[in-house]
Amino acid sequence: MDFAALMSKEIAKAKRSSTPSSGSDQDGAKPPQKKYARRAEEEAARIAAYKEEQARLEREREERQAQKRKLEEEEAERRLQREEKKRRLAEESRKKREEEEAAKERERRKRIGLPELPPTPSDKDQTPEKDGEGQMEDLGEEELTKKLREMGEPVCLFGETHRDRLRRYKKLLARSLEVQKMFDGPIPTTLEPVPEVEMKIPTTAPKDAEGRHFLFRQLTSYFNMVLSEWEFALAKRDVTVKQSLHGRQAYNAMVQSRENMTPLIRKFEKGDIDDNVLQHIVEIISKAQQRRYVDANDAYLRLSIGKAAWPIGVTMVGIHERSAREKLHQGDKQAHILSDESTRKYLQSIKRCLSFAQTRWPPDDQLQIMG
């Protein structure tokens with residue numbers, strides 16, 4: 001075999017082996033990586049990475065500052081709210097304290113008979129009339145008409161303006177919301193009880209309205225105190241004594257006295273009681289508080305029986321009326337005060353309260369014990 005043929009064969013083989021490699025480049029194969037890199041390219045890449053890192057750090061710093069500012073603003077707002085709440089509570093407590101002090105001062109001046117204090121400028125500015133009208137200004141014509149019809153009142157009176165209707169509706173609403181407070185006790189009452197130190201009953205009943213109202217409060221408080229002590233004393237007894245006939249009768253007497261005393265308390269609430277009867281009740285309770293029970297019993301007898309002459313036996317033996325007979329008819333009202341059933345019952349209850357009071361608060365003088 002000659003040398004030329006062999007060379008031709010090898011050259012052809014080399015050409016065939018180089019052809020697929022060039023085709024793989026055209027088919028999308030990755031070109032061979034560079035073995036060397038320029039320093040400028042590396043420096044540019046490093047600078048770009050540094051700038052990107054700095055930008056990220058700056059964004060994070062701004063986010064932290066924004067979050068901190070938000071927290072500080074929220075804390076400042078909460079602090080302002082707390083300060084506002086403290087100020088409002090302090091203002092309310094101050095106003096309440098001033099009102100309580102003013103009420104005590106009015107009560108003290110009323111008790112000792114001094115003139116009332118003039119109203120303060122704040123009280124003049126904030127009158128119920130102005131406050132009510134300010135609140136009622138928002139009511140429209142249709143709404144006001146509807147509310148008046150719901151209350152069963154006429155929608156419009158003759159010559160009445162819209163403001164007059166608002167004022168009339170305000171008064172009706174205040175009257176409907178006016179609820180009398182009931183104070184607890186053996187006999188629940190609307191009269192506010194007085195402390196025991198202020199329960200000292202005067203010897204005579206006052207004539208003015210304020211003094212009479214305070215006297216009614218004192219009498220109601222005294223009777224409730226006696227009934228409470230009576231009930232407490234009965235509750236402390238032994239079980240055998242409670243279940244005995246005498247024990248049950250004592251308890252029934254207390255319950256009956258409490259029930260019969262209720263009409264008298266209602267008269268005190270209304271202020272509708274005869275002056276003569278009130279004067280005798282004041283005398284009875286005043287002497288009972290001084291532990292002079294015999295004198296209190298004498299006042300009770302003067303109230304229940306009176307000083308009028310009671311006819312006994314034959315009062316007229318002839319056809320002519322004697323002059324002494326006229327005395328039998330003097331003071332009939334006082335002599336027959338027990339003819340009223342309700343009056344008789346609460347007078348009997350007062351006598352029972354006296355009997356208990358002398359056992360609960362015995363007198364220093366033994367001669368003042370009722371028989």
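Author: Let us begin with burial, where a residue is called buried under 20% relative accessible area, exposed over 50%, and partly exposed in between. Please keep in mind throughout that this is a predicted model.

Reader: With those cut-offs, is C156 buried or exposed, or does it fall in between?

Author: C156 counts as partly exposed, because its relative accessible area is 45%. C353, by contrast, has a relative accessible area of 5%, so it is buried.

Reader: How many disulfides does the model contain?

Author: The general idea is a distance test, in which a pair of cysteine sulfur atoms must lie within 2.5 Å. With that test applied to this model, the count of disulfides is 0.

Reader: What share of the protein's residues counts as buried, and how many helices and strands are there?

Author: The protein has 371 residues, of which 24% count as buried. Its secondary structure consists of 13 helices and 0 strands, and the pattern read along the sequence is accordingly α-α-α-α-α-α-α-α-α-α-α-α-α.

Reader: Let us turn to charge pairing. How many salt bridges are counted, and what is the general idea behind them?

Author: Side chains of opposite charge can pair when their charged atoms come close. In this model the count comes to 20 salt bridges.

Reader: Which residue forms a salt bridge with E75, and how far apart are the closest N and O atoms?

Author: The partner of E75 is R82, and the closest N and O atoms of this salt bridge are 3.6 Å apart. E75 is partly exposed, because its relative accessibility is 28%, and R82, with a relative accessible area of 42%, is partly exposed as well.

Reader: How should I read the pair R94 and E91 along helix α2?

Author: R94 and E91 are 3 residues apart in helix α2, which means that about one helical turn separates them. Their side chains meet in a salt bridge at 2.3 Å, N to O. R94 is partly exposed at a relative accessible area of 30%, and E91 is also partly exposed at 30%.

Reader: Are R168 and E160, whose side chains meet in a salt bridge, buried or exposed?

Author: The salt bridge between R168 and E160 spans 2.8 Å, N to O. R168 counts as buried because its relative accessibility is 15%, and E160, with a relative accessible area of 14%, is buried too. Salt bridges can also share partners, and in this way E53, R56 and E60 are joined into one network.

Reader: Which residues form the negative surface patch?

Author: For a patch, the general idea is to take residues with over 30% relative accessible area and no salt bridge, and to join like charges within 9 Å. Here E72, E73, E74 and E77 make up a negative surface patch. One of them, E77, has its place in helix α2, residues 39–112, and at 48% relative accessibility it is partly exposed.

Reader: Which residues form the nonpolar patch, and how much accessible area do they have together?

Author: In the nonpolar case, side chains are joined within 5 Å. F3, M7 and I11 form such a patch on the surface, and together they have about 330 Å² of accessible area. F3 belongs to helix α1, residues 3–26, and its relative accessible area of 63% is why it counts as exposed.

How values were computed: Residues numbered from 1 in each chain as written. Predicted model: local features only at pLDDT ≥ 70, side-chain atom pairs only at ≥ 80, totals over all residues. Heavy atoms only, no water. Areas by Shrake-Rupley, 256 points an atom, 1.4 Å probe, with all protein chains shown as cover. Salt bridge = Lys/Arg side-chain N within 4 Å of Asp/Glu carboxyl O. Lys, Arg positive; Asp, Glu negative; His and termini not counted. Charge placed at Lys NZ, Arg CZ, Asp CG, Glu CD. Helix = DSSP H or I, 4+ residues; strand = E, 2+ residues; numbered from the N terminus. Buried < 20%, exposed > 50% of the residue type's maximum accessible area, 1.4 Å probe, protein only.
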